[in-house]
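Hi everyone, thanks for making time for this one. Have the sequence and the viewer open, and let's walk through the fold together.

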Amino acid sequence: MKSLLICTLLTFCTSALADLTLYSDRPEEKIQPIVDAFQEQTGETVIINTMSATEIEEALVTEGANSPADVAIVKDMIYGDNLVRSGVMQSLNSDFAKENVRAIMVSEYWTAITFRARTLVYDKNYDVSEINTYEDLANPKYAGLVCLRTSKSTYNQALGAELVASYGEEGAFDILNGWLNNQADLTSIYSSDTTLIEDITLQNGTCTLGMVNSYYLGLLTLKDPDIPVGIKFLQMKDGGVHTNGIVAGITASSDNPELARQFIEFMLTEDPQKSFSLANQDFPANKNISFPDNISAWSTFEASERNWNDTLDSVEIAKDLFEELDYL
């Protein structure tokens, strides 16, 4: 069990009572059931400290080797990569993850826990039969119909990066430029995927077509099964739909890395996978686990086989393209 000589922050004081401390940007109520089950199974005490992904990185850098954190859980691959680049993570070394998680979703330092697609959503009254690739959405025939989330979103940065990796820099530029040229109006850059989807549901709303993470529609569908918004899984030039996901890894500061690894692997077992996927409306990262019931109809889509680590190599190029296109 951790012991700290001086508790200068509430985080440190609370974590001093724990065998394992999680820094997570996921809502506590979505992780607590997994923590409860792990504690019951192992007898270990686990503390959850919830903050934004950016705050997690800042805390781990500032706290350094004295950080109480053992496990970092963040909402997508870019934030996971940021932690690695900041030097605050250690090798995961999980044979369980390598054997059970889709290979493209595992790096030296983290593994996906769940994943989602970033793809097309649309007004169900609109015919999208001719929109089958990300490139198709750039066709001028869809002018005045498209809404997008801000390029400041790491979700869009990861998507842009895979466009670069799949279509090349010039090809990605043309696609992004086409999307922007097809914008519904000057207000059709959104700070939230949820707001974008809700706009599609409005009669005479701004948006007809949009690009969002699949789980946002899943969460809204839980509230309203008859929501008049459809989802279509687009294809990259050289493969399936772009995916991203929640990732977890062991912090460099952990004084109990074996227990941290045990917890991460526990998250990848059947019951935690099902409960966490259902809570987030994501897909299980463990390839042997079935999808949650209300999104099982989406289970036939083809996911891109591009390794997330390869996609991450193109993030800075994508950001440069966004800036060049004045995509805010």
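Let's start with a pair of helices: α2, residues 28-42, packs against α9, residues 257-267, at an angle of about 120°, and their axes are 11 Å apart. Because of that angle, α2 counts as oblique to α9. If you want the hand of it, the crossing of α2 and α9 is right-handed. On the α2 side, the contact is made by Ile34, Val35, Ala37, Phe38, Gln41 and Thr42, and on the α9 side by Leu259, Gln262, Phe263, Phe266 and Met267. Before I go on, please keep in mind that this is a predicted model.

Now turn to a second pair. The axes of helix α4, which covers residues 77-85, and of α6 come within 8 Å and cross at roughly 90°. So here α4 is roughly perpendicular to α6. Which residues make that contact? From α4 we have Met77, Ile78 and Tyr79, and they meet Thr154, Gln157 and Ala158 of α6.

As a bit of background, nonpolar side chains in soluble globular proteins tend to be buried together. In this model the largest nonpolar core has 106 residues, and Leu22, Leu163, Trp179 and Leu209 are those with the most contacts inside it. Which element gives the largest share of this core? That is α6, residues 154-181, with 12 residues.

Let me zoom in on leucine 163. Setting aside residues up to four places away in sequence, leucine 163 touches Tyr134, Gly168, Ala172, Ile175, Leu176, Trp179 and Met236.

**Salt bridges**

How many salt bridges does a search of the whole structure find? The count is 11.

Take arginine 118 and aspartate 193: their side chains meet in a salt bridge, at 2.9 Å from N to O. Arginine 118 sits in strand β5, residues 110-123, and aspartate 193 in helix α7, residues 193-201, so this pair ties together parts that are 75 residues apart in sequence. Both arginine 118 and aspartate 193 are buried.

Another salt bridge joins the side chains of arginine 306 and glutamate 162, at 4.0 Å from N to O. This pair links distant parts of the chain, 144 residues apart, with arginine 306 in the loop between β11 and α11 and glutamate 162 in helix α6. Arginine 306 and glutamate 162 are both buried.

Aspartate 25 also forms a salt bridge, with arginine 26, and their closest N and O atoms are 3.1 Å apart. Are these two buried or exposed? Aspartate 25 has a relative accessible area of 11%, so it is buried, and arginine 26 is buried too, at 12%.

Last stop, threonine 208, in the loop between α7 and β8. Its relative accessibility is 16%, and the cut-off for buried is under 20%, so threonine 208 counts as buried. Leaving aside neighbours within four places in sequence, threonine 208 is in contact with Val121, Tyr122, Asp123, Tyr126, Leu145 and Ile200. The C-alpha atoms of threonine 208 and leucine 196 are separated by 9.7 Å, and the two residues are 12 apart along the chain.

That's my tour, and I'm happy to take questions.

Methods: Residues numbered from 1 in each chain as written. Predicted model: local features only at pLDDT ≥ 70, side-chain atom pairs only at ≥ 80, totals over all residues. Heavy atoms only, no water. Core = buried A, V, L, I, M, F, W, Y, C linked by side-chain atoms within 4.5 Å. Buried < 20%, exposed > 50% of the residue type's maximum accessible area, 1.4 Å probe, protein only. Helix = DSSP H or I, 4+ residues; strand = E, 2+ residues; numbered from the N terminus. Contact = heavy atoms within 4.5 Å. Axes fitted to C-alpha atoms, helices over the stretch in contact; angles between N-to-C directions. Parallel < 35°, antiparallel > 145°, perpendicular 65-115°, else oblique. Left-handed = near helix turned anticlockwise from the far one by under 90°.
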